[in-house]
Amino acid sequence: MNERLRKALRLFAVFLKIGAFTFGGGYAMIPLIQKEITEKRGWMTDDDVLEIVAIAESTPGPIAVNAATFVGFRVCGFRGALLATLGVVLPSFVCILIVARCFEAFRSSFVVQGCMTGLKPAVVGLIGASVLSVAATVFVPSGISAAVLTDPSFYASLVIFAVCALLAFKKAHPILVICLAAALGILAGYVL
């Protein structure tokens with residue numbers, strides 16, 4: 001078996017594990033994806049993870065599928081994209097088939113209801129960790145220091161974040177917020 005196929009199969013296994021053991025959707029998967037592809041495997045950097053989140057968030061489809069496809073393609077081309085995507089969706093697909101088959105038994109089960117109640121805080125924690133990790137990469141990419149306060153890109157990021165947060169709070173259409181954030185980012189890149 002050649003090295004490229006071996007790497008593609010490792011991608012499948014990594015994303016199968018992520019898909020099988022993450023509850024709460026794509027945002028809850030981001031910390032696990034980051035740990036697997038940066039810390040454990042060294043396939044990408046933290047800056048690459050930030051790109052993954054931005055691209056996966058701004059393209060149609062679920063963030064987990066988009067992220068798996070992007071990582072797979074970056075690491076191992078088309079074959080990697082296909083296998084990483086298959087790996088991340090397969091556990092959910094199998095679970096949905098099982099739940100659909102046994103819906104009544106699951107719905108009234110005390111154990112299943114207890115598990116779901118216990119998983120809710122964990123999902124919130126994983127999403128919070130993801131937010132903090134991405135925020136640190138965006139606002140203080142070189143680490144926290146006094147030099148951050150003299151960096152114009154720090155203030156540009158804060159302004160873009162504030163404008164987008166205000167628009168989201170005012171229930172502006174997400175496409176408008178994404179397009180405005182992209183335009184402000186391009187403008188900040190030219191000005192700074």
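**Reading a helical model**

Reply: Helix α4 bends by about 150° at Cys76. The bend at a residue is the angle between axes fitted to the seven residues ending there and the seven starting there. This is a predicted model, in which local features need pLDDT of at least 70 and side-chain atom pairs count only at pLDDT 80 or more, while totals for chains, interfaces and linings use all residues. Residues are numbered from 1 along each chain as its sequence is written, and side-chain values use heavy atoms, with hydrogens and water left out.

Me: How many helices and strands are there in the protein?

Reply: Helices (H or I, at least four residues) and strands (E, at least two) are DSSP runs, numbered from the N terminus. Here there are eight helices and zero strands, and the pattern along the sequence is α-α-α-α-α-α-α-α. The C-alpha trace spans about 55 × 45 × 30 Å along its principal axes.

Me: What span does α4 reach between its end C-alpha atoms?

Reply: The expected span of a helix is 1.5 Å times one less than its number of residues. With 39 residues, α4 would reach 57 Å as a straight helix, but its end C-alpha atoms are only 27 Å apart. Helix α6 (residues 110–139) has 30 residues and reaches 44 Å from its first C-alpha to its last, close to the 44 Å expected. A bend of about 25° is found in α6 at Leu119, and the proline Pro121 follows within four residues.

Me: Which elements have the lowest and the highest mean pLDDT?

Reply: The pLDDT is the predictor's confidence in each residue, from 0 to 100. Where it is low, the predicted coordinates should not be read in detail. The protein averages a pLDDT of 84, and 97% of the residues score at least 70. Among the elements, helix α5 (residues 103–108) has the lowest mean, 70, and α4 the highest, 89.

Me: Which residues touch the most other members of the largest nonpolar core?

Reply: A nonpolar core is a set of buried Ala, Val, Leu, Ile, Met, Phe, Trp, Tyr and Cys residues joined through side-chain atoms within 4.5 Å. Buried means under 20% relative accessible area, exposed over 50%, and partly exposed in between (1.4 Å probe, protein chains only). In the largest core, which has 27 residues, Leu11, Phe15, Ile37 and Val71 touch the most other members. The elements giving two or more residues to this core are α1 (3–21), α2 (26–40), α3 (46–58) and α4 (63–101). Helix α4 gives the most, with eleven residues. Buried residues make up 29% of the 192 residues in the protein.

Me: Which residues does Leu11 touch?

Reply: Contact means heavy atoms within 4.5 Å. Not counting residues up to four places away in sequence, Leu11 touches Trp43, Val71, Gly72, Val75, Cys76, Gly80 and Ala84. Across the protein, residues 24 or more positions apart account for 54% of the contacts with a separation of 6 or more.

Me: Which residues of α6 are buried?

Reply: They are Val123, Ser130, Thr137 and Phe139, and what covers them includes α2, α3 and α7 (152–169). Val123 has 15% relative accessibility, so Val123 counts as buried. The C-alpha atoms of Val123 and Thr22 are 8.4 Å apart in space, although these residues are 101 apart in sequence. In helix α7, Ser157 is buried at 19% relative accessibility. Ser157 touches Val138 and Phe139, not counting residues up to four places away in sequence.

Me: How many aromatic pairs does a search of the whole structure find?

Reply: A pair of aromatic rings is described by the distance of the centres and the angle of the planes. Rings of Phe, Tyr and Trp (its six-membered ring) pair if their centres lie within 6.5 Å; planes under 30 degrees apart count as stacked, over 60 as edge-to-face and the rest as tilted. The search finds one pair. The rings of Phe154 and Tyr155 have centres 5.2 Å apart and planes at 75°, so the pair is edge-to-face. Phe154 is buried at 14% relative accessibility, whereas Tyr155 is partly exposed at 41%.

Me: Where does Lys171 lie?

Reply: Most residues other than glycine have a negative phi. Lys171 has a positive phi of about 65° although it is not a glycine. Lys171 lies in the loop between α7 and α8 (174–191), and is exposed, with a relative accessible area of 72%.
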